[in-house]
Amino acid sequence: MTPIESMRASELFAGLTAEEAVRVAHLGSERDLREGETVFRLGAEADTLFVVRDGRVDLAFPLVVLGEPNDVRFQSIGPGKMLAWSALVPPHRLTMSARAGTDCSLLAFPREPLLALLEAEPRIGFVAMSNLARVVGARLQETQALWVREVQRSVSKTYR
Amino acid sequence: MAALGLVLGAVLFAGMTVMLWVGYSEAEKAREEEPLRAEPLQAAARDGDRCLLCDQPLRRRVTRTEVVDRLEREIGIETAAVMRALQQPSVENLARLYDA
């Protein structure tokens with residue numbers, strides 16, 4: 001799959017025409033990582049948006065286990081998925097860490113030029129932001145369900 | 001006087017004989033018990049996860065890596081269950097979504 005095809009198959013840029021995808025692709029670059037390499041750290045500025053082209057990236061958050069902080073993986077994402085969507089949404093801070101779960105290839109889009117293009121090209125902007133809203137909405141539903149299940153467990157344990 | 005010396009000698013001899021017998025018996029008893037006490041130690045040597053005294057399996061303290069692995073596995077199972085329910089949002093699936 002070419003980088004343009006990878007982009008058009010991705011959750012963020014699905015729906016763009018080939019010409020529109022080429023315009024976005026001009027802003028991006030490919031980044032290859034070895035297994036275990038850090039993509040980004042929690043708390044860092046989200047200055048780049050990534051699309052996984054090949055391989056798998058693990059998302060992790062810090063948990064204190066036996067008295068020491070550890071990065072605990074809670075999700076692995078594969079080709080077509082977007083990473084660091086905080087780059088498109090203020091305050092542009094990363095709320096988790098990511099590391100390469102396998103050797104992987106990412107498409108990297110710097111924030112400012114990408115936001116400028118989305119603003120200058122309303123159709124590209126609309127498609128990308130609609131896709132972003134769908135992705136964020138789905139993640140919100142997942143998080144809500146996970147949280148409610150945890151609350152349910154706590155209630156069942158406390159009030160037997 | 002000679003009779004008194006004879007009696008004392010006999011008493012001393014008898015006492016020493018008793019002491020020797022008791023000492024020998026104790027040593028013999030200890031030697032007989034030795035294999036019984038050695039068995040748990042041998043068992044422990046075979047398997048480092050057993051108590052040296054009672055030969056019961058030790059309740060080993062889990063390592064941090066083991067806890068993290070377990071957490072990641074459990075989170076993965078939980079997340080997969082939620083995502084499955086959300087991908088097929090039928091009334092039944094959504095009703096089960098919050099079942100823990």
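Across all its chains, this predicted model holds 16 salt bridges.

**Stop 1: a bridge inside chain A**

Select E11(A) and R139(A) and show their side chains. The two meet in a salt bridge, with N to O at 3.4 Å. E11(A) sits in the loop between helix 1 and helix 2 of chain A, while R139(A) belongs to helix 4, so this pair ties together parts that are 128 residues apart in sequence. Are these two residues buried or exposed? E11(A) is buried, with a relative accessible area of 18%, and R139(A) counts as buried at 18% as well.

**Stop 2: the loop around S10(A)**

Now step back to S10(A), which lies in the loop between helix 1 (3-8) and helix 2 of chain A. S10(A) is buried, and its relative accessible area is 1%. Which backbone atoms does its side chain come up against? A polar atom of the S10(A) side chain lies 2.6 Å from the backbone oxygen of M7(A). On the backbone nitrogen of F13(A), the distance to a polar atom of that side chain is 3.2 Å. Leave out the neighbours within four places in sequence, and you will find S10(A) in contact with V51(A) and G80(A).

**Stop 3: along helix 4 of chain A**

Go back to R139(A) and select the helix it belongs to, residues 122-158 of chain A.

Next, colour the buried residues of helix 4. They are I124(A), G125(A), V127(A), A128(A), N131(A), L132(A), V135(A), R139(A), E142(A), A145(A) and R149(A).

R111(A) forms a salt bridge with E112(A), the closest N and O atoms being 3.1 Å apart. At 11% relative accessibility, R111(A) counts as buried.

**Stop 4: over to chain B**

Show chain B on its own for a moment. Chain B has three helices and zero strands, and reads α-α-α along the sequence. Of its 100 residues, 13% count as buried.

Bring chain A back and look at where the chains touch. Chain B puts 20 residues into the contact and chain A puts in 21. About 1900 Å² is buried between them, with carbon and sulfur atoms giving 63% of that area. On the chain B side, R64(B), E72(B) and Y98(B) lose the most area to chain A, together 34% of what that side buries.

**Stop 5: bridges between the chains**

How many salt bridges run between chain B and chain A? The count is five, and seven residue pairs are in polar contact. Helix 2 of chain B gives the most to the side that touches chain A, with 12 residues. That side as a whole divides into 12 nonpolar, two polar and six charged residues.

Zoom in on E72(B) and R73(A), whose side chains meet in a salt bridge at 3.6 Å, N to O. The pair crosses from helix 2 of chain B to strand 5 of chain A. E72(B) is buried, with a relative accessible area of 10%, whereas R73(A) is partly exposed at 27%.

Another bridge to select is E78(B) with R153(A), at 2.9 Å from N to O.

**Last stop: A100(A)**

Finish in chain A at A100(A), which lies in strand 7 (residues 97-100). A100(A) counts as buried, at 2% relative accessibility. Its C-alpha atom is 8.1 Å from that of G55(A), which is 45 residues away along the chain. Not counting residues up to four places away in sequence, A100(A) touches L33(A), R34(A), E35(A), G36(A), E37(A), V39(A), R56(A) and V57(A).

Key: Residues are numbered from 1 along each chain as its sequence is written. Chains are lettered from A and ligands numbered from 1 in the order in which they are written. This is a predicted model: local features need pLDDT of at least 70, side-chain atom pairs count only at pLDDT 80 or more; totals for chains, interfaces and linings use all residues. Side-chain values use heavy atoms; hydrogens and water are left out. Helices (H or I, at least four residues) and strands (E, at least two) are DSSP runs, numbered from the N terminus. The expected span of a helix is 1.5 Å times one less than its number of residues. Buried means under 20% relative accessible area, exposed over 50%, partly exposed in between (1.4 Å probe, protein chains only). Contact means heavy atoms within 4.5 Å. Buried area is the accessible area (1.4 Å probe) that two parts lose on being put together, summed over both. A salt bridge is a side-chain nitrogen of Lys or Arg within 4 Å of a carboxyl oxygen of Asp or Glu. A polar contact is a pair of N or O atoms within 3.5 Å; within protein, one must be able to donate a hydrogen and the other to accept it, and residues adjacent in sequence count only if both atoms are side-chain atoms. Ala, Val, Leu, Ile, Met, Phe, Trp, Tyr, Cys and Pro count as nonpolar, Asp, Glu, Lys and Arg as charged, and the others, Gly among them, as polar.
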